[in-house]
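Subject: Structure handover: charged and aromatic contacts

Hello,

Here is the structure for you to open. My notes on its side-chain contacts follow below.

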Amino acid sequence: MPSSRRAWRLFAWVAVACLLVTLLIAAKLLHWDDQLRLLWQERSVPLEQRTAGIWLPNYELALETRLVGLEDDETSGLTWNPLTGTLFTVTGKHPKLVELTPAGLILRSIELVGFADPEAVEALGDGRMAIVDERRRLVAVFRLEPDVERLDLADLPSYDLGFPEAGNKGFEGLAWNPRSQRLLLAKERDPQGLFELPFPGEDGAAGVLQALPERPLIVRDLSSVTIDPRSGHVLMLSDESRLLVELDLQGRPRSFISLFGGLNGLVEGIEQAEGVAMDAAGNIYVVGEPNRFYVFQRKAAVPARP
């Protein structure tokens, strides 16, 4: 074989190998492996189960806007309050509790005194609200009065969540389960997982924090969680995997949507998704740092993925 042909064949093999390595690296960086595994699981869900749950493939972006005035505050966490018909988020750099409309218009800001790193907020359904402070490793519970301008952590009942070595990898997600009357908490990583906390007392008296049965969550981190009031299914948000995942009542992944640009109505994608909430009508709300706000709604009469 002429040396020129051998050299060309060697070059071709090297080029193919480099292309494969490049594709593998890109797949890892873009988390295609996460999405392919979820897509495989999603295809096996029967039609009756799809209609009984959330079924995220039937959702697309309906609104994208900025939360004006929060550019330097880094929103994190989101909840829908059915008693007020509004949303609440918390900010980290300058700790605040912020109330906003379903269209992303800010109604008021409440200063959070004594909080170090508020990461999640949740309406408990009985007029109380809860905030998780990741750095202090606690959840605080309170009633928010209409004319309140500041909340002092020292005045609020709180519960130690443990994991003293968690640092910046602690609890970032918080949801209220009206069926079990428990808080659902999402720990970002190391270890990553979902936990339940009984929180029945008006004085904030809590039960014992319990880890839910371990199941492969197929995401790189946990940024936020919320519970669908209709089906009881959990929506799990992952910033690093750029995914929003539906979990059924047994904690198994059922459906998902990608948060990359060009998919599900997103043009540029959600760079750093930090909070998710859902209302009784099925609308899904997402906040991303520093102050992006998104609304996803069900598409009309769109067939599910085959």
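Arg-128 and Asp-126 meet in a salt bridge through their side chains, 3.1 Å from N to O. A salt bridge here is a side-chain nitrogen of Lys or Arg within 4 Å of a carboxyl oxygen of Asp or Glu. Arg-128 is buried at 4% relative accessibility, while Asp-126 is partly exposed at 36%. Buried means under 20% relative accessible area, exposed over 50%, and partly exposed in between (1.4 Å probe, protein chains only).

Before you go on: this is a predicted model, where local features need pLDDT of at least 70 and side-chain atom pairs count only at pLDDT 80 or more, while totals for chains, interfaces and linings use all residues. Residues are numbered from 1 along each chain as its sequence is written, and side-chain values use heavy atoms, with hydrogens and water left out.

The salt-bridge count is 11. Which residues are joined into one network? Salt bridges with shared partners link Asp-248, Arg-252 and Arg-254. Asp-248 meets Arg-252 at 2.9 Å, N to O. Asp-248 also bridges to Arg-254, with the closest N and O atoms 3.8 Å apart. Asp-248 is buried, at 7% relative accessible area. Arg-254 is buried too, at 9%. Arg-252 is partly exposed, at 40%.

Now the rings. There are 5 aromatic pairs. The rule takes rings of Phe, Tyr and Trp (its six-membered ring) with centres within 6.5 Å; planes under 30 degrees apart are stacked, over 60 edge-to-face, and the rest tilted.

Phe-163 and Phe-195 have ring centres 5.7 Å apart and planes at 75°, so they pair edge-to-face. This pair links distant parts of the chain, 32 residues apart. Phe-163 sits in the loop between strand 10 (158-160) and strand 11 (171-177), and Phe-195 in strand 13 (residues 193-198). Strands are DSSP runs (E, at least two residues), numbered from the N terminus. Phe-163 is partly exposed at 29%; Phe-195 is buried at 9%.

Tyr-285 and Phe-293 are stacked, 6.2 Å centre to centre with 25° between the planes. Tyr-285 is buried at 3% relative accessibility, and Phe-293 is buried at 0%.

Best wishes

Notes
Helix = DSSP H or I, 4+ residues; strand = E, 2+ residues; numbered from the N terminus.
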